[in-house]
Amino acid sequence: MQIRKHLVLVLLSALISAKAQAQTITASSCSSSDVQSALNEVTSSTTAVNIPAGTCNWTSQITFTVPTGSTTLSILGAGSLTTTGGGDVTVIVDNDTTDSNYLLGITTAAAGSYFRLAGITFQSGTGSVKNNEPIQIAGSSHNFRFDHNHINYAVAKDGGLRLN
């Protein structure tokens, strides 16, 4: 009985410690500069970057390479993660004026790492280089989740999502 209690305490301690090391970062707004700043703050091996509700016009691309050693990165909009489509609460409008091939580019970490993008609507805008792939995911991860999102483009290459 005493061993069982000790084991439970050790397991609870490990869980609390793991949660304490997790990082949650909330961007100040859904603007591209605020989202890029939030991504640049990632230091923990397990991080959720939250993008608040709003409609934001992105005029240039965001890129982020998940740090080596990271095991889980989630980029989450304010949309519902239980309602199909996310509810269109965080809307990113593609008004890209640069000659980029995508609006949001993420390079994942090692093969065993996890990446999730959820709760965001990507919408076609009026930028001079609109309607490319709004999202590009590259890297070594074999664990990728794309859920509760909308891609509302008049014309989008590859359905709006490119996996490299």
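The model is predicted; local features need pLDDT of at least 70 and side-chain atom pairs pLDDT 80 or more, while totals for chains, interfaces and linings use all residues. Residues are numbered from 1 along each chain as its sequence is written, and side-chain values use heavy atoms, without hydrogens and water.

β1 and β2 run parallel, joined by 4 bridges. Pairing requires at least two DSSP bridges between two strands. Helices (H or I, at least four residues) and strands (E, at least two) are DSSP runs, numbered from the N terminus.

| Element | Residues |
|---|---|
| Strand β1 | 23–26 |
| Helix α2 | 32–40 |
| Strand β2 | 46–50 |
| Strand β5 | 72–76 |

β1, α2 and β2 form a right-handed β-α-β unit. Right-handed means that, with the strands pointing away from the viewer, the path from the first strand over the helix to the second runs clockwise.

Buried means under 20% relative accessible area, with a 1.4 Å probe and protein chains only.

Ser74 lies in β5. Ser74 counts as buried because its relative accessibility is 13%. Beyond neighbours within four places in sequence, Ser74 is in contact with Thr47, Ala48, Val49 and Arg116. Contact means heavy atoms within 4.5 Å.

How values were computed. Buried means under 20% relative accessible area, exposed over 50%, partly exposed in between (1.4 Å probe, protein chains only).
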